[in-house]
Amino acid sequence: MAKKKNNDKTVNQEIKQNMKIASFVKKETLIMSILFFIGVFIMKIVFYNENIFVILRTMLSFFWLFVLPGFALMYYWHEKINFVERFLLGVALSLAIIGIISYYLGLVGFNIKYDILLLPLVCFAVSAFVLMRKFTKI
Amino acid sequence: MASDAFWDLNLAQWIKDEGNYKYEPLYRCAGFNDCIGFMPPILYHATAIFSLASGLEIYDAIYILIILISSLSILMWYFIIRRFDKKIAMLSLPLTFFLYKMFFLTVFTWGKWKFITMQIFLFAFIWILLAPELKKRYLLLGIFAASVFMSHVAEIIYIPILAIIYLAVTYFKEKDTKKLFDRSKVLAIAAGIAIIISSYLIIIIIKVWPHGPIATFQNIAPTWDKAVMANFGIVVWIIIIGALFGLYFAFKKTSNEVFFAYFLAIAGFANLIGFAFAFHARYYWPIYMSLLFGIAIYFILLLPIKSIVKVWRLEYTMILSLIIAGIVIYSIYQPLGNDGLMNSDRWQLFNWIDHNAEKDAKVYFFYGDTFSQNAILWTTKRVSYLANVGDIVDSIKNSTLKRYYKLELTGPTDTQYAYGSIFSPKFHLLETNQSYFSGKSDICSFDYYVFEKASAQPVLAQFNIAMGNELLKNNWMQLVANNQLGFIIKNTQPGKDCFPKEGVKIG
């Protein structure tokens, strides 16, 4: 009986924690989306003659390659660093990782056109793996 | 844009076309197709991938990337200062607008783009350095240090100096030997990670750049085209006052941020003691010195106002910062004057060659006002030969159009066209007969000739037109492109006798 109660307690704690993480992710996704549209808005003002789809594609590419991969990896330190700081450090980290890994992959004969999809996905996967391990430990 | 810009543009374009940066482009490497890619690669790879993903041309992609990176770097520096003091951080921001004033602005317009890329990594390194609370921060420190090296090699020297400043300042503040040991350990691990990450480029620097720019060690006084303190105008006095007041924060509060600002600002003067490449740091003085500016405004303006206004809120500081920023922008704004090295006509001519000439074509460039910055010639993506201006002037003096002019094969000779293994490279420049790279050459042996009809020195333009007309007298020479600025002639039978050996006398 006592064992079952303990199990229930653990499951409840897990659910609570998952809900907390989900709400955190939801909040940050919303802020990130707002930042994306602010970026599109500013680009449209600067390049007012440019087609909106060109601007959308440009910003999407920038976020996909140089914001989200690093931001995802910086998630490991999310308790200590706030959103804006993680965003900025994430850009530096994305640039570093995309630039360096694609250079080395190129040296072994891997064409950079595949890096567009591959490298951000690898970053997300690494981030998810590290976070899962971190939360499992907790 | 200046030569450096075309250097970067052409390399990024090459990586986009080739899919990697194992080798230098054939047209940058005297026609050899096995020269080792020797430049720090981050900017080029990032630009090539961004261009592919966004569908933008390389020249647009690189500019957008650079503007975004520099803006985010300024924000990053702001957040670093913010850790020290929120009000001073806000008051620091207005000085950063000087980045858009001559000659600081040349960091963008003349293409010091690798340096701009390096900055975001340097600031990220500083940020993480100041955050001992982060677990496993050695990972980030290692990645960012390696990225500094792999984006603009010369500034790697900053990393150990910043680390030593950090260790010294925190030790004097805390007097805790155990913490000093722990922090040293973190930095040692980070150094190890950085070395592993950048090992390939390190070997290239050691083995392939034996006579390259990194070996330069000479005192260089700033020339007319370099950023100097006088570019700040009267604001320089505010910065000096800030530097004096900053001593209070530096020593009384043992603030790392202030020591870092001092170091980065002083680094720009290192060209006077032998570090030729230190002039790059000058371009970023508006950012490095912004903390000192903020400190000065804090003491000169904010403290007196605060003593009058009883309740001071952070928003008031923001308004004050905006007002100062407005004044700065108003006083420094100047529209850009000209196109730089490239204009639409020249672009059209070079693009014609890129899209129409055979891949292995040899292109002969006669005098052009901007051709001395010869990286622009690589825009044609063909091996380019540039006629020696002195030799042309001599022939004008003798009223003779000659068949043999001194030529120079345009390419970065920094690495002497290294090829083969990076561990024991060989050098085309040393192994090949020097007449291949420069010396008098027969004009008839080339595939294409590029002439400019307009010049700041009309006599040279007239020479170009006369030379072109003389070549066109041969029926196997074809005028294949022509616009207001210049024209291109195609030699359909290279090697065939196209010009009298004794030359042609002109009136």
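In which loop of chain B does Lys136(B) lie? In this predicted model, Lys136(B) is placed in the loop that runs between helix H6 (113-129) and helix H7 (137-151) of chain B. Although Lys136(B) is not a glycine, its phi is positive, at about 55 degrees. Most residues other than glycine have a negative phi. Lys136(B) counts as exposed because it has 12 C-beta neighbours inside 10 Å, and 12 or fewer is the range for that class. A further positive phi, near 50 degrees, belongs to Ser399(B), again a residue other than glycine. Ser399(B) sits in the loop between helix H18 (389-397) and strand S3 (400-401) of chain B, and with 11 other C-beta atoms within 10 Å it is exposed.

Chain B contains 20 helices and eleven strands, and its C-alpha trace spans about 85 × 50 × 45 Å along the principal axes. Of its 507 residues, 47% count as buried. Among the contacts in chain B that link residues at least 6 apart in sequence, 72% join residues at least 24 apart. The chain is divided into domain 1, covering residues 38-332, and domain 2, covering residues 344-505. The centres of these two domains of chain B, taken over C-alpha atoms, are separated by 42 Å. Nine residues from domain 1 of chain B and seven residues from domain 2 of chain B take part in the contact between them. On the side of domain 1 of chain B that touches domain 2 of chain B, six residues are nonpolar, two are polar and one is charged.

The largest nonpolar core comprises 196 residues, and Ala124(B), Phe125(B) and Phe144(B) have the most contacts inside it. Helix H3 of chain B, residues 58-84, gives the most to this core, with 16 residues, while domain 1 (38-332) and domain 2 (344-505) of chain B each supply at least three residues to it. When residues up to four places away in sequence are left out, Ala124(B) touches Met76(B) and Phe144(B) of chain B, together with Leu89(A) and Ala92(A) of chain A.

The contact between the two chains involves 28 residues of chain A and 35 residues of chain B. On the side of chain A that touches chain B, two or more residues come from each of helix H2 (52-66), helix H4 (83-107) and helix H5 (115-137) of chain A. Of these elements, H4(A) gives the most, with 15 residues. By class, the residues on this side of chain A divide into 17 nonpolar, six polar and five charged.

Helix H11, residues 235-252 of chain B, has 18 residues and reaches 26 Å from its first C-alpha to its last, close to the 26 Å expected at 1.5 Å a residue. Buried positions in H11(B) are Val235(B), Ile238(B), Ile239(B), Gly242(B), Ala243(B), Gly246(B) and Phe249(B). An α-helix has 3.6 residues a turn, so residues three or four places apart point the same way. The cover over the buried residues of H11(B) includes helix H12 (256-267) and helix H15 (290-308) of chain B. Just after H11(B), Thr254(B) takes a positive phi of about 35 degrees.

Helix H15(B) has 19 residues and reaches 26 Å between its first and last C-alpha, close to the expected 27 Å, and a kink of about 40 degrees in this helix is centred on Tyr298(B). The buried residues of H15(B) include Tyr298(B) itself, along with Ser290(B), Phe293(B), Gly294(B) and Leu302(B). Those buried residues pack against H3, H11 and H12 of chain B, and also against helix H4 (86-92), helix H14 (285-288) and helix H16 (314-332) of chain B.

Leu479(B) is exposed, because 12 other C-beta atoms lie within 10 Å. Not counting residues up to four places away in sequence, Leu479(B) touches Leu472(B), Phe487(B) and Ile489(B). The C-alpha atom of Leu479(B) is separated by 9.6 Å from that of Tyr449(B), which is 30 residues apart from it along the chain.

Terms used. Residues are numbered from 1 along each chain as its sequence is written. Chains are lettered from A and ligands numbered from 1 in the order in which they are written. This is a predicted model: local features need pLDDT of at least 70, side-chain atom pairs count only at pLDDT 80 or more; totals for chains, interfaces and linings use all residues. Domain bounds come from an automatic or database domain assignment. Ala, Val, Leu, Ile, Met, Phe, Trp, Tyr, Cys and Pro count as nonpolar, Asp, Glu, Lys and Arg as charged, and the others, Gly among them, as polar. Helices (H or I, at least four residues) and strands (E, at least two) are DSSP runs, numbered from the N terminus. The expected span of a helix is 1.5 Å times one less than its number of residues. A residue is buried if 20 or more other C-beta atoms lie within 10 Å of its own, exposed if 12 or fewer, and partly exposed in between; C-beta atoms are placed from the backbone. A nonpolar core is a set of buried Ala, Val, Leu, Ile, Met, Phe, Trp, Tyr and Cys residues joined through C-beta atoms within 7 Å. The bend at a residue is the angle between axes fitted to the seven residues ending there and the seven starting there.
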